[in-house]
Amino acid sequence: MNSPLPLYHKVYLLLRQRLLDGVYGAEEALPGENALAQEYAVSRLTVRRALDALAQEGLVSRRQGRGTFAQAPSQLSAPQQGATVDALMAHLARMGMRTQVKLLELAVEPATPAVAARLEVDAGSAVHRSLRVRSHQGEPFSYLQTYVPDAIGRRISRKALGSKPLLQIFGELGIRVSGAEQSINAVLAEPAVAQALDVPVASPLLNIRRVVRDAAGRPVEYLDARYRPDRFEYRLDMAAHETAGAPVWLPAGPGAP
């Protein structure tokens, strides 16, 4: 973890990120101190200081002899900003043609409350999760974790996920994409993400979360992606539109890596 921040503070920030992302549900037990120390390659004392800091913030509850439990965070994510679907889909198609993808994992698992909320399904419902790394000219730049409902996921093969953009797969399945909402913020690289993208743990990454909807308005994909900022730039072209009061800036189309 090459950074001027104290080790315990970096672990605190990484765990805080998980908690605010809804990785652990309210009252769910976090991994034990030994497991966290091994994951982050730090001492138990470092982990203990990080967990104490989270407890002071009210994000976890430390219970003697029982462990550490997540608390419902009071901080809410900012509203997602819409993007014009035609421009967004064109951007994704261009990226798919110019880059290479490697499938790391494919699994069917119960939807966490955070994933269920985005896919508008019941918590615990079966969803298909794929984990891929996308590269450009042999250099990894994005870590893509995608969730799709079971009815769609069971129709997608491992071979397709390892060779085609999901947007192309949807088209081949007859799923017409008509809308998407996405948000962009900054996150820190977790150990597994850092290894896949070849960056130090806790490095700053660009995080893009996107919910894609079909023609009926139903979510067909939830994407939680991490990008290396030194290898990926998200550009949004703007166009001025005259209104009764003053010109309004609206998206004209997103950029590419």
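Colleague: How many cavities of 30 Å³ or more does a search of the whole structure find?
Modeller: Two. Keep in mind that this is a predicted model: local features need pLDDT of at least 70 and side-chain atom pairs pLDDT 80 or more, while totals for chains, interfaces and linings use all residues. Residues are numbered from 1 along each chain as its sequence is written, and side-chain values use heavy atoms, without hydrogens or water.
Colleague: What counts as a cavity?
Modeller: A set of points on a 1 Å grid over the protein atoms alone, where a 1.4 Å probe fits but cannot get out. The points are joined across faces, edges and corners, and the volume is the space filled by probe spheres set on them.
Colleague: New topic: how many aromatic pairs does a search of the whole structure find?
Modeller: Four, with ring centres within 6.5 Å for a pair. In one of them, F141 and F232 have their ring centres 6.1 Å apart and their planes at 5°.
Colleague: Why is that pair called stacked?
Modeller: Because the planes are at 5°, and under 30 degrees counts as stacked. F141 is in β6 and F232 in the loop between β9 and β10, 91 residues apart. Along with Y227, F141 and F232 form one aromatic cluster.
Colleague: Is F141 buried or exposed?
Modeller: F141 is buried, with a relative accessible area of 0%; buried means under 20%, using a 1.4 Å probe and protein chains only. F232 is buried too, at 5%.
Colleague: Where does the charged end of R49 sit?
Modeller: Over the ring of Y8, 3.9 Å from its centre. For Arg that takes CZ within 6 Å of the ring centre and within 35 degrees of the ring normal. The charged end of R63 sits over the ring of F69, 4.4 Å from its centre.
Colleague: And how many residues has helix α1?
Modeller: Helix α1 has 14, residues 7–20. Its buried residues include V11, L14 and L15. Just after α1, G22 takes a positive phi of about 80°.

Terms used
Helices (H or I, at least four residues) and strands (E, at least two) are DSSP runs, numbered from the N terminus. The expected span of a helix is 1.5 Å times one less than its number of residues. Buried means under 20% relative accessible area, exposed over 50%, partly exposed in between (1.4 Å probe, protein chains only). Rings of Phe, Tyr and Trp (its six-membered ring) pair if their centres lie within 6.5 Å; planes under 30 degrees apart count as stacked, over 60 as edge-to-face and the rest as tilted. On a 1 Å grid over the protein atoms alone, a cavity is a set of points where a 1.4 Å probe fits but cannot get out, and a pocket is an open set with protein on both sides within 12 Å along at least five of seven lines; lining residues have an atom within 4 Å of a point.
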